Amino acid sequence: MSVHTVERFRAMGCEVVVAGADAVTVAAGLERWEAVFSLFRPESELSRVNGSRAHVLAVSPLFAFALETALGLAEETEGVVDPTLCGRWPEIGLSHRLLSRPPGLVLDLNGVVKALAVDEAAAALERPGFVSVGGDLAVRGPVDVALPAGAAVRVVTGGLATSGTASRGAHLVDAASGRPSESCWQQVTASGATCLAADVAAKAGFLLGERGPDWLDARRIPGRFVGVDGEIVENLAWHGQVQAVPACT
Amino acid sequence: MPRDSRIERARERARHAKTTLGAVALLVFGVAFVGAKVHAPGHTKGRSKPLGAPASFKRSVRENTLRSGQIAPPAQPPVASSSTS
């Protein structure tokens, strides 16, 4: 594809790259998510929920949607991707906009919020292009994307996300132990129907360690794994989609 | 007759005055009403945006959890990059 204008700015603590949309509009949309979910803003709704001693709280529609999504993904990944980061996600109850949880149980929705914000911004793209926040992206129309440790791939539909320890150290938490993951992977890149699907797949692939490639293959999700020693492993789904089709002669 | 004529002229002037005052009052009210609609706090100037995410977006997210996207070999130099953040 030919992208005429690529605009860059910072939001959600990351570099944002946008093509095919008005950067100001995208920035306003990202700020809306940041205002509700930032753990670095004491006035954000997530900070206030985490700081509350109440057992039951009324939350905003956006908060309820993100939490419902996070809980659904925790169930689908059998707790590998967990908004409590400690395996206690089944203790959270959500009925419409009423949240119930043991007081003191802290939520971390960063795992889904950034990807949701990307997907919402990409859904509003006015023409072929993409929205990338911190390297997690969603496209409208094919976009060629550089990958960690060299190489590139064409994202035809959906999104692409990379998780790992390359830039922020061991920040991904193994919910089973509640401690930073000691994965055999340095970075995992996955394709998804949305940026959220790609991000969750990449996180799960990373946190599952050696089981990651097969776990993604079982769900027909393409994944590319960069080992801590730099070795690159592509699962069958990735290899199958990226394998060049020989031209007819 | 001249007296009737004077009274009649006075009544005519009064009618004109009342009509003019009524028209001016109506005009002032109309201008104030439109002005309040446009400028007064609490009155939206454009379409309001919902506080939550749009329903179509929510549906799309729910229908696509843990589903693969489509990738292919690159055909041009990359314009974006995927990396850990």
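I am working from a predicted model.

**Chain B**

I started with chain B. I found two helices and two strands in it. Along the sequence they run α-α-β-β. I then looked up burial: of its 85 residues, 15% count as buried.

**The A–B interface**

I listed the contacts between the chains next. On the chain A side 63 residues take part, and on the chain B side 29. I asked which element of chain A gives the most to this side.

**A strand pair across the chains**

I checked for strand pairing between the chains. Strand β9 of chain A (residues 152–157) pairs with strand β1 of chain B (residues 70–72). The sense is antiparallel, and the pair has three bridges. In β1(B), I noted B:Gln70 opposite A:Thr157.

**Helices α1 and α4 of chain A**

I turned to α1 (residues 23–37) and α4 (residues 110–123) of chain A. Their axes come within 10 Å and cross at roughly 155°. An angle over 145 degrees counts as roughly antiparallel, so that is how I logged α1(A) and α4(A). Their crossing is right-handed.

I wrote down the contact residues as well. α1(A) supplies A:Val26, A:Gly29, A:Leu30, A:Trp33 and A:Phe37. α4(A) supplies A:Val113, A:Leu116, A:Ala117, A:Glu120 and A:Ala121. By class, I have eight nonpolar residues, one polar and one charged in this contact.

Key: Residues numbered from 1 in each chain as written. Chains lettered and ligands numbered in written order. Predicted model: local features only at pLDDT ≥ 70, side-chain atom pairs only at ≥ 80, totals over all residues. Contact = placed C-beta atoms within 7 Å. Helix = DSSP H or I, 4+ residues; strand = E, 2+ residues; numbered from the N terminus. Pairing = 2+ DSSP bridges. Buried ≥ 20, exposed ≤ 12 C-beta atoms within 10 Å, placed from the backbone. Axes fitted to C-alpha atoms, helices over the stretch in contact; angles between N-to-C directions. Parallel < 35°, antiparallel > 145°, perpendicular 65-115°, else oblique. Left-handed = near helix turned anticlockwise from the far one by under 90°. Nonpolar A, V, L, I, M, F, W, Y, C, P; charged D, E, K, R; others polar.
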